[in-house]
Amino acid sequence: MTKVSAARLTRTRGESGATALLFITDRCPVGCGHCSVDSRADSPKITDFALFEQIVDALAASSLPLIGISGGEPFVERRGLPLAVERLAAAGKEIVVYTSGFWGRAGAPPPDWAKRVLGLCDTVVLSTDAFHASQIAGERYVAAARAIAEAGTHIVVQVMDMDGMPDQATALLEEALGANWHDHAELALTQPVRQGRAETLFVEGPHRRGKDFGTCQAAAVPVVRYDGVVSACCNEGVVMGRGPSAIRRRCRTGEEVSAALDGYTRHAFFHALRAPGFGALMMLPEFADLAEQRFASICHLCWAVTARLGEDAVDDPFYRTLSLIGKETAHDAQ
């Protein structure tokens with residue numbers, strides 16, 4: 001078991017071919033008002049376990065060294081989560097699970113199946129903020145943090161950098177793990193994501209011209225949903241079915257999942273989004289009209305651009321060359 005720090009998670013997401021995310025369920029019993037995927041207690045979850053096993057086996061057989069598991073809330077999948085973690089661990093993958101800690105039980109250990117999962121993970125990202133706190137009692141969160149630490153697993157506490165929330169997270173860690181909580185955990189500050197229920201909760205930032213956007217390090221880092229949908233990036237809207245079809249595929253077998261993972265990981269156009277990025281692409285004739293248009297985010301611009309892609313963009317030699325030039329330019333600038 002290794003420690004996957006918050007800094008390493010960020011670096012890994014910035015490297016194509018280094019990681020993928022298993023979106024294991026839509027379901028979550030917490031119901032936070034800022035949920036970026038609109039997960040609810042009655043949202044869909046795994047129903048086709050034969051397909052799900054093929055999905056997990058495709059991830060296990062891939063060359064991707066680190067697999068994240070998210071949702072929804074992964075710990076609602078009492079059958080699917082242990083299955084995935086055990087098979088991925090057996091394949092030598094590093095595993096990072098994202099959870100709210102709702103399963104923590106004050107004064108009692110977690111169920112045996114959950115303890116087994118925690119012991120096989122390299123890192124658990126344990127989210128907290130004012131929205132989680134309104135639904136999950138502090139005692140539960142503290143119990144979850146203790147259980148993770150007792151399993152010998154590193155904790156990354158993901159918390160929004162606003163309204164004193166980092167201080168509240170620190171207080172919970174001190175209560176759970178004592179003054180030396182840094183030995184077991186670290187804080188990772190985040191910003192609100194305007195997707196799902198949060199789309200109307202947070203104030204939208206200023207719109208920017210297409211040519212003013214830079215690179216996207218999430219491109220070509222695929223997400224595999226429990227029902228066989230594979231997307232080219234971790235945008236929550238894309239995972240849930242929004243955006244153009246070029247950034248999402250429906251797979252019905254493990255072989256198709258493997259092909260989609262490989263296709264998105266090496267996709268020439270998505271590598272061009274990583275470097276040199278959108279500013280350079282806006283100078284191309286086929287996207288020139290988007291250069292002066294204003295977009296709410298880099299994701300909205302991406303949807304406008306990828307809606308125009310043809311099938312040949314996967315292996316297009318022009319985009320491949322452009323991405324290689326952009327990568328070399330970025331390397332020289334470091």
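Analyst: **Helix pairs and their surroundings**

Helix H2 (residues 49-61) packs against helix H9 (residues 254-266) at an angle of about 40 degrees, and their axes are 8 Å apart. Before going further, please note that this is a predicted model: local features need pLDDT of at least 70, side-chain atom pairs count only at pLDDT 80 or more, and totals for chains, interfaces and linings use all residues.

Axes here are lines fitted to C-alpha atoms, for helices over the stretch in contact, with angles running from 0 to 180 degrees between N-to-C directions. Helices (H or I, at least four residues) and strands (E, at least two) are DSSP runs, numbered from the N terminus. Angles under 35 degrees count as roughly parallel, over 145 as roughly antiparallel, 65 to 115 as roughly perpendicular, and the rest as oblique. H2 and H9 are therefore oblique to each other.

The crossing of H2 and H9 is right-handed; that word applies when the near helix is turned clockwise from the far one by less than a right angle, and left-handed when it is turned anticlockwise. On the H2 side, Gln-54, Ile-55, Ala-58 and Leu-59 make the contact, and H9 brings Gly-254, Glu-255, Val-257, Ser-258 and Leu-261. Contact means heavy atoms within 4.5 Å. By class, the contact has five nonpolar, three polar and one charged residues, where Ala, Val, Leu, Ile, Met, Phe, Trp, Tyr, Cys and Pro count as nonpolar, Asp, Glu, Lys and Arg as charged, and the others, Gly among them, as polar.

Helix H3 (residues 80-90) and helix H4 (residues 112-120) have axes that come within 10 Å and cross at roughly 30 degrees, which makes H3 roughly parallel to H4. Their crossing is left-handed. H3 contributes Leu-81, Pro-82, Val-85, Glu-86 and Ala-89 to the contact, facing Trp-113, Arg-116, Val-117 and Leu-120 of H4. Seven of these residues are nonpolar, none polar and two charged.

Pro-74 sits in the loop between strand S2 (66-70) and H3, and Leu-81 is among the residues Pro-74 touches, together with Ile-24, Thr-25, Ile-69, Val-97 and Tyr-98, not counting residues up to four places away in sequence. Pro-74 is buried because its relative accessibility is 0% (buried is under 20% relative accessible area, exposed over 50%, partly exposed in between, with a 1.4 Å probe and protein chains only). Its C-alpha atom is 8.9 Å from that of Asp-26, 48 residues away along the chain.

Elsewhere, Thr-306 of helix H12 (residues 298-306) is buried too, at 1% relative accessible area. Leaving aside neighbours within four places, Thr-306 contacts Pro-244, Ala-246, Ile-247, Phe-269 and Phe-270.

The protein comes to 13 helices and eleven strands, and 51% of its 334 residues count as buried. Among contacts with a separation of 6 or more, residues 24 or more positions apart account for 75%.

There are zero disulfides, a disulfide being a pair of cysteine sulfur atoms within 2.5 Å. For Cys-234, the nearest cysteine sulfur, that of Cys-233, is 5.8 Å away. Cys-234 is partly exposed at 41% relative accessibility, whereas Cys-28 is buried at 11%.

Technical notes:
Residues numbered from 1 in each chain as written. Heavy atoms only, no water.
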